Amino acid sequence: MSRFDAPRRVAIVGSGPAAMYLASHLLDRPEVPHQIDIFERLPAPWGLVRWAVAPDHPEKKLVIDRLFSYTFDRPELRFFGNVEIGSDITHQELRANYDGVFYACGADGDNRMGIPGEDLPGSWSAREFVAWYSGHPDFSHLTFDLSHPRAVIVGNGNVALDVARILTSPVAELAKTDIADHALTALSRSQITEVVILGRRAAAQGAFNNPELEELAHIPGVLVEVDWGADQSADAELSWAAQRKLTTLKDFSSKAWSPSAKKIVLKFLSSPVELIGDGRVSQICLAANQLQTDASGRVSARASDQHTLLETGLVMRAIGYRGRPFAGLPFDNKRGVIENRQGRVCANGETIPGVYVCGWIKRGAQGVIGSNKKCAAETVGRYLEDIADGATPVLNASLEAIPHLLDKRGIRYVSKSDWTRIDRFERNAGRATGRPRVKLTTSDALLEATL
Ligand code: NAP
């Protein structure tokens, strides 16, 4: 690797885990010095760690103080929050000002069920609900009707379990967390006593992780019921992880639960076929499924014509997030990712020099926070190979060009010191009430806290 006198200048779009691991990997290479500018659409950093990690999982947010903040505070890194790439600054302008442009902007769309009634009021994506209770400024204004005793969640990944916990946990417990105040108020009035989580395949194919599954048994005042469906896979053919989850589910089935006011039902081999209601969801029609295995061993669900109706006022699909196309960048619609090979963005098989991706917009919406470490290492690895090969541009653009452009356009951007003020404000507000922080939940309030 050759030595450079002037640092390489790179832009990272996004400030979530993928972005912060990218920055950390780039700054860990003293032989190739870097000056990094992070662009974030919202006035606060940390992406999904701030706007999606469940408030009752504070341990998953420790990565902010233990890792992200250390990288964020490095003098070689600048932060431009409240700046949207694509409108405030274009992709072409980034290309003209940075030797490397890295997109780590996540997956902010979601999959659809594609069934009749999906757009009725009362039918939501779990992504919206999660963003709402996390105080995301784009979702804080939403109103969820929690007045029906039963909510149904479609899909049984970790997002489904997060949503089920938040809907059933005692409000007194949630009040100790950084959950958005508006969500706390709405949940304190909730009439929901039963949450049904639908898995289209059998228990052995549940998409949840075992620790998250086990956690359901520890929600005070909530019992967990398992509805196995007709089919059951032979345990012997299953992976260790699947067997572990089955054991947990069997423990739920055999446990003598104390009488509880609320319950979570894990219902397997069941798919929604229609949401029914006059002006809003009042019922969900479910088909009982059977399993089928193809030649590659992939187990899928096939709906039977055996249908049942469940009364409900709230349906949330937790069937996976999806990346959205980005103006000026090639997009793989099928996978919902920016087209890339190991992090190098490419169009029609040709690499676009100097443009890279990382995180969910690179590999699809799968994996936990730590998965981004390996993902970022791969992208940075390809980028460093390109530098060594002389395949990336060296522009020597001025450090002042971008702040100057933002000022000229009247964009009120959030700097690192601005974020420090917001962070301090939220933590101080939390300290007064024994919470980790009280989140500011609108862009205006966040910007005001910088003054
Ligand atoms: P996910 O893990 O991909 O689970 C999606 C679920 O939706 C699966 O059960 C899937 O069933 C089901 N599904 C997909 N299409 C469906 C359809 N048309 N009808 C019915 N069901 C359908 O997605 P996720 O829960 O959104 O999580 C995304 C990622 O974030 C995951 O990697 C997850 O581990 C991670 N995450 C982690 C945590 C944590 O660490 N605590 C918390 C939240 C999220 P099939 O399996 O049959 O496809």
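Me: Is H136 buried or exposed in this predicted model?
Reply: In this predicted model, H136 sits in the loop between α5 (126-133) and β7 (150-154). Its relative accessibility is 8%. The cut-off for buried is under 20%, so H136 counts as buried.

Me: Which residues is H136 in contact with, leaving aside its neighbours within four places in sequence?
Reply: H136 belongs to the loop between α5 and β7. With neighbours within four places in sequence left aside, the contacts of H136 are R41, L42, W51, A131 and T441.

Me: Where does W46 lie, and what is its phi?
Reply: Most residues other than glycine have a negative phi. W46 is not a glycine, yet its phi is positive. The residue lies in the loop between β2 (34-40) and α2 (47-51), and its phi is about 95°.

Me: Is W46 buried or exposed?
Reply: The relative accessibility of W46 is 4%. Since buried means under 20%, W46 counts as buried.

Me: What is the phi of N82, and is N82 buried or exposed?
Reply: N82 is found in the loop between β3 (77-81) and α4 (91-97). Although N82 is not a glycine, its phi is positive, at about 65°. Its relative accessibility is 18%, and the cut-off is under 20%, so N82 counts as buried.

Me: How many nonpolar residues are in the contact of α1 with α12?
Reply: From α1, the residues P17, A18, Y21, L22, H25 and L26 take part, and they meet N372, K373, A376, A377, T379, V380 and Y383 of α12. The contact also has three polar residues and one charged. The nonpolar residues number nine.

Me: Which residues touch the most other members of the largest nonpolar core?
Reply: The largest nonpolar core has 57 residues. Another core, of 43 residues, lies apart from it and includes V10, Y21, F68 and I387. In the largest core, the residues asked for are L167, L249, F252 and L266.

Me: Which residues is L266 in contact with, leaving aside its neighbours within four places in sequence?
Reply: L266 is one of the residues that touch the most other members of the largest nonpolar core. Its contacts, with neighbours within four places in sequence left aside, are L161, I197, L213, L216, V224, E225, V226, D227, L249 and F252.

Key:
Residues are numbered from 1 along each chain as its sequence is written. This is a predicted model: local features need pLDDT of at least 70, side-chain atom pairs count only at pLDDT 80 or more; totals for chains, interfaces and linings use all residues. Side-chain values use heavy atoms; hydrogens and water are left out. A nonpolar core is a set of buried Ala, Val, Leu, Ile, Met, Phe, Trp, Tyr and Cys residues joined through side-chain atoms within 4.5 Å. Buried means under 20% relative accessible area, exposed over 50%, partly exposed in between (1.4 Å probe, protein chains only). Contact means heavy atoms within 4.5 Å. Helices (H or I, at least four residues) and strands (E, at least two) are DSSP runs, numbered from the N terminus. Ala, Val, Leu, Ile, Met, Phe, Trp, Tyr, Cys and Pro count as nonpolar, Asp, Glu, Lys and Arg as charged, and the others, Gly among them, as polar.
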